[in-house]
Protein chains: 2
Amino acid sequence: MTEQLTVTYHLHCQPGESVEAKARDIGLEQTIELSYELARERDWLGYAGRVETLDHLYGDTYRAVLHYPAEAVGGELSQLLNLLFGNISLKDGIEVTAIDWPRTLLRQLGGPGHGIAGLRQACNAPDRALLCTALKPMGLSPAELADVARGFALGGVDIIKDDHGLANQPAAPFRERLEACQQAVQAANAETGGRSLYFPNVTASRGTLERRVALAAEAGCRGVLLCPMLTGLDTLGWVRDEFGLAIMAHPSLTGSYFRPEHGIRPELLLGEIFRTAGADASIYPNVGGRFGFTATTCQAINDRLRAPLGPLRAALPTIGGGVSVTDIGHWLDRYGSDTIFLIGGSLYAQGDISAAAAKLIRELEHRHV
Amino acid sequence: MTEQLTVTYHLHCQPGESVEAKARDIGLEQTIELSYELARERDWLGYAGRVETLDHLYGDTYRAVLHYPAEAVGGELSQLLNLLFGNISLKDGIEVTAIDWPRTLLRQLGGPGHGIAGLRQACNAPDRALLCTALKPMGLSPAELADVARGFALGGVDIIKDDHGLANQPAAPFRERLEACQQAVQAANAETGGRSLYFPNVTASRGTLERRVALAAEAGCRGVLLCPMLTGLDTLGWVRDEFGLAIMAHPSLTGSYFRPEHGIRPELLLGEIFRTAGADASIYPNVGGRFGFTATTCQAINDRLRAPLGPLRAALPTIGGGVSVTDIGHWLDRYGSDTIFLIGGSLYAQGDISAAAAKLIRELEHRHV
């Protein structure tokens with residue numbers, strides 16, 4: 001039997017707009033790109049998406065479920081994104097809200113290479129929630145950033161990642177920064193017996209990205225930070241397959257997909273799609289911070305990263321965007337221990353970053369017990 | 001003197017929101033990601049964006065101009081996107097409306113490898129507007145698609161591109177499709193003495209993309225179709241530099257950046273940024289077609305693709321998304337001859353596609369004279 005890719009949309013109609021036509025047009029626009037009449041006349045509807053159900057939700061909003069033959073994707077992530085939202089991103093009133101994945105496609109895409117269990121093992125933290133921070137700001141030298149990294153590692157931060165804006169700026173070129181920070185973290189680990197990990201930001205153009213990931217692996221890093229919407233989403237699976245490194249995904253440039261009545265739901269893009277593509281951990285901005293996600297959205301992202309999904313490993317929600325040292329307990333109670341807390345600015349504001357980090361780790365351990 | 005990257009935003013404020021704080025926060029969020037107070041105290045403001053001017057436009061809308069040190073980009077396209085809209089894509093009421101490019105950065109990014117003059121030469125059409133069409137629909141076999149390609153080439157279509165949804169589906173795997181279509185177009189050219197070009201869609205994951213571009217070059221194709229938001233925007237420059245092929249860029253997945261009061265203006269993303277990254281031609285959906293661009297936006301995209309921009313070549317606007325065979329004359333009068341008209345469905349609806357294409361070419365030639 002032919003496998004189906006089932007996609008659910010919320011459709012928001014303008015006055016006078018036919019929801020039946022809007023739903024049917026999605027199935028054509030995203031596949032054969034021809035009018036229904038012409039395609040039917042020529043017997044060209046084979047790969048078109050078909051509306052299976054169409055229900056009224058409220059006001060001018062409807063839920064449409066479309067079936068696409070899995071062959072229309074051809075096992076490729078870029079074509080999956082194309083089919084999900086490529087052309088209709090240019091239309092109004094369409095939100096992709098759910099995907100029912102063909103099992104074959106999940107196997108082809110592969111998901112996290114390490115997952116929750118793998119990241120916990122790498123950090124030597126089998127049970128408690130993990131603590132992450134970001135090296136910043138751009139403008140510091142490699143020695144200065146390494147000094148900050150050392151401070152965090154002495155405090156026991158599990159994952160010390162580059163700020164996603166650290167690239168190859170003259171103040172701290174990638175290679176010098178990588179070597180200085182990784183050595184600083186390893187030296188601190190040797191002092192404390194801890195196992196802090198440094199994840200450099202390898203986001204870059206094709207060839208440069210490849211060199212940076214290779215340098216990170218050579219330097220002994222266990223993982224890297226990537227911005228998938230900048231490098232192409234398939235880069236996640238490529239780093240997983242070619243280098244075996246763990247991957248923390250950053251949501252840079254994704255916010256445009258989360259607009260009112262338009263886009264791909266955050267839990268789908270930052271949760272399910274990033275996980276399916278190969279993210280072991282996915283960063284998102286917490287409710288109540290500098291960005292606008294709701295509590296429901298945050299919980300939904302957590303669920304989509306952790307819940308069973310065919311043969312794929314579970315991934316770790318990484319809660320950032322303004323989480324403060326003072327309220328980590330609250331968020332831990334709410335989100336549970338299969339979570340990474342990414343605390344940046346609020347840690348920097350503490351005088352002694354090592355002591356502040358150590359206190360947070362104790363809080364995560366204590367609450368776990 | 002330090003070079004500046006100058007970015008203009010339109011800011012839309014909620015009641016009670018301070019536009020001064022909103023503008024200042026952009027300069028911090030997109031660079032150092034720390035609070036102003038902390039960064040000032042530690043002397044960490046060096047790479048932060050600074051608000052140069054802030055003007056009231058109308059209602060709750062303001063124009064902010066920020067200066068960033070060019071070093072914050074470090075000459076990398078991925079970091080440029082990051083700085084332009086990475087994190088603030090997750091905030092409300094921010095539109096990037098203009099970029100004043102540092103000349104060094106333009107040189108680093110390079111722009112079109114062929115440009116308008118190069119594409120005209122490849123098509124042997126020194127003066128008139130160019131005609132493009134798309135091979136479709138997905139679901140046809142390589143032989144069937146090649147038959148369609150032959151029909152278009154016999155009619156003299158300048159560029160016959162794959163539909164952007166043609167990837168590696170079982171009905172027409174990439175390699176078989178490439179070979180069949182390229183041979184069909186070359187054979188038709190040999191019959192007519194014409195110079196139709198076939199641009200296969202090479203959009204795919206990293207390694208696969210590389211193989212597909214190499215196969216296209218080997219097969220004698222002069223250009224390819226790419227969806228930059230699926231492959232990473234830097235792929236444009238990579239194809240230009242590694243293979244020397246001409247590149248037509250497709251706007252798949254870009255529509256989310258063009259939302260009301262949010263995003264990157266279409267003329268900036270599909271015009272200036274795609275051109276700067278290396279597109280020789282940039283497809284966009286015309287006003288009055290299936291998508292919602294205004295006449296002003298369409299004209300602005302044309303301008304940004306063609307106007308002088310440092311040392312960069314000019315690129316060709318490629319007008320699609322529902323342009324019909326019956327109104328090409330109207331659009332030609334409006335847009336001028338440095339334009340590619342992309343006509344798909346409306347050509348397929350003609351009985352004899354060769355005759356219909358030939359008629360369009362005559363119209364483009366006639367109107368030019």
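A salt bridge here is a side-chain nitrogen of Lys or Arg within 4 Å of a carboxyl oxygen of Asp or Glu. Before you click, note that this is a predicted model, where local features need pLDDT of at least 70, side-chain atom pairs count only at pLDDT 80 or more, and totals for chains, interfaces and linings use all residues. Residues are numbered from 1 along each chain as its sequence is written, chains are lettered from A and ligands numbered from 1 in the order in which they are written, and side-chain values use heavy atoms, with hydrogens and water left out.

**Stop one: a helix in chain A**

Select A:Arg175 and A:Glu179. They form a salt bridge, with 3.4 Å between the closest N and O atoms. Both sit in helix α7 (residues 174-192) of chain A, four residues apart, about one turn of the helix. (Helices are DSSP runs of H or I with at least four residues, strands are runs of E with at least two, and both are numbered from the N terminus.) Over all chains, the salt-bridge count comes to 34.

**Stop two: across to chain B**

Now show B:Glu210 and A:Arg206. Their side chains meet in a salt bridge as well, at 3.8 Å from N to O. Between chain B and chain A there are six salt bridges. Also between these chains are 33 residue pairs in polar contact, both residues at pLDDT 80 or more. A polar contact is a pair of N or O atoms within 3.5 Å; within protein, one must be able to donate a hydrogen and the other to accept it, and residues adjacent in sequence count only if both atoms are side-chain atoms.

Colour the elements of chain B next.

**Stop three: the whole interface**

Zoom out. In contact (heavy atoms within 4.5 Å) are 75 residues of chain B and 75 residues of chain A. The buried area is about 6,400 Å², with carbon and sulfur atoms giving 55%. That is the accessible area (1.4 Å probe) that two parts lose on being put together, summed over both. Pick out B:Leu90, B:Arg206 and B:Leu253: they supply 14% of the area that chain B buries against chain A, more than any other three residues.

How are the two chains related? A rotation of 180 degrees with 0.0 Å of shift along its axis superposes chain B on chain A, RMSD 0.0 Å. The two copies are thus related as by a two-fold rotation axis. To find the axis, select B:Gly232, whose C-alpha comes closest to it of the residues of chain B, at 2.2 Å. The copies meet through the same surface, because 100% of the interface residues of chain B are also interface residues in chain A.

Most residues other than glycine have a negative phi, and most peptide bonds are trans. A:Pro137 lies in the loop between β5 (130-135) and α6 of chain A. Over in chain B, B:Lys136 and B:Pro137 are joined by a cis peptide bond, with omega about -5 degrees.

Finish at A:Glu33, which is not a glycine but has a positive phi of about 50 degrees. Look for A:Glu33 in the loop between α1 (19-29) and α2 (36-42) of chain A.

Technical notes
Least-squares fit on C-alpha atoms with pLDDT ≥ 70 in both.
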